[in-house]
Amino acid sequence: RNQFGATSNTLPLTVGWVRDSRRGALVPTTGRYQRFNTEVAVAGDARYFKANYQFQQYIPLTKKYTLAFNTELG
């Protein structure tokens, strides 16, 4: 044991999917970004399942301003 509690070892299996249609990598002005990841502990002391989904939408308002939405579920 350490000062924070018991330790455990796991072997995670991670699978993900990404779709990126944003225009502009550093400063997007239009488009959409979606990401879905899952992780399953397939071996070891701990067993768990984790899933995460992220969605971003960029809508140009003017040449200077862009409206951006971001949501993440997990």
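This is a predicted model: local features need pLDDT of at least 70, side-chain atom pairs count only at pLDDT 80 or more; totals for chains, interfaces and linings use all residues.
Q: Which strand do 10 bridges join to β2?
A: That is β3, residues 49–60, and the two run antiparallel. N37 has N52 as its bridge partner in β3. V40 stands opposite F49 in β3.

Q: How many residues lie between β2 and β3 in their hairpin?
A: There are 4 residues between these two strands.

Q: How do β3 and β4 pair?
A: Again in the antiparallel sense, here over 8 bridges. β4 covers residues 66–73. β3 and β4 also form a hairpin, with 5 residues between them.

Q: What is the general rule for side chains along a strand?
A: In a regular strand they alternate between the two faces of the sheet. Keep that in mind as we turn to single residues.

Q: Is Q57 buried or exposed?
A: Check its relative accessibility against the cut-off: buried means under 20%. Q57 has 16%, so Q57 counts as buried. This residue lies in strand β3.

Q: What does the side chain of Q57 reach?
A: It makes a polar contact with the side chain of R32, at 2.9 Å. A polar atom of the Q57 side chain also lies 3.3 Å from the backbone oxygen of G31.

Q: Which residues is Q57 in contact with, leaving aside its neighbours within four places in sequence?
A: The list is G31, R32, L67, A68 and F69.

Q: Which residues form the nonpolar patch on the surface?
A: Look for L11, L13, V15, V40, V42 and F49. Together they have about 540 Å² of accessible area. The elements that give two or more residues to this patch are β1 and β2. The largest share, 3 residues, comes from β1.

Q: Why can charged side chains pair?
A: Side chains of opposite charge can pair when their charged atoms come close. Now look for such pairs here.

Q: How many salt bridges does the structure hold?
A: There are 2. One joins D20 and R22, with the closest N and O atoms 2.8 Å apart. D20 has a relative accessible area of 43%, so D20 is partly exposed. R22, at 26%, counts as partly exposed.

Q: Which residue forms a salt bridge with E72?
A: That is R35, with the closest N and O atoms 3.8 Å apart. This pair links distant parts of the chain: E72 is in strand β4, R35 is in strand β2, and they are 37 residues apart.

Q: What is the relative accessible area of E72?
A: The value is 46%, so E72 is partly exposed.

Definitions and conventions
Residues are numbered from 1 along each chain as its sequence is written. Side-chain values use heavy atoms; hydrogens and water are left out. Two strands pair if DSSP finds at least two bridges between them. Buried means under 20% relative accessible area, exposed over 50%, partly exposed in between (1.4 Å probe, protein chains only). A polar contact is a pair of N or O atoms within 3.5 Å; within protein, one must be able to donate a hydrogen and the other to accept it, and residues adjacent in sequence count only if both atoms are side-chain atoms. Contact means heavy atoms within 4.5 Å. Patches are made of residues with over 30% relative accessible area and no salt bridge: like charges are joined within 9 Å, nonpolar side chains (Val, Leu, Ile, Met, Phe, Trp, Tyr) within 5 Å. Accessible areas come from the Shrake-Rupley method with a 1.4 Å probe; for residues, only the protein chains shown count as cover. A salt bridge is a side-chain nitrogen of Lys or Arg within 4 Å of a carboxyl oxygen of Asp or Glu.
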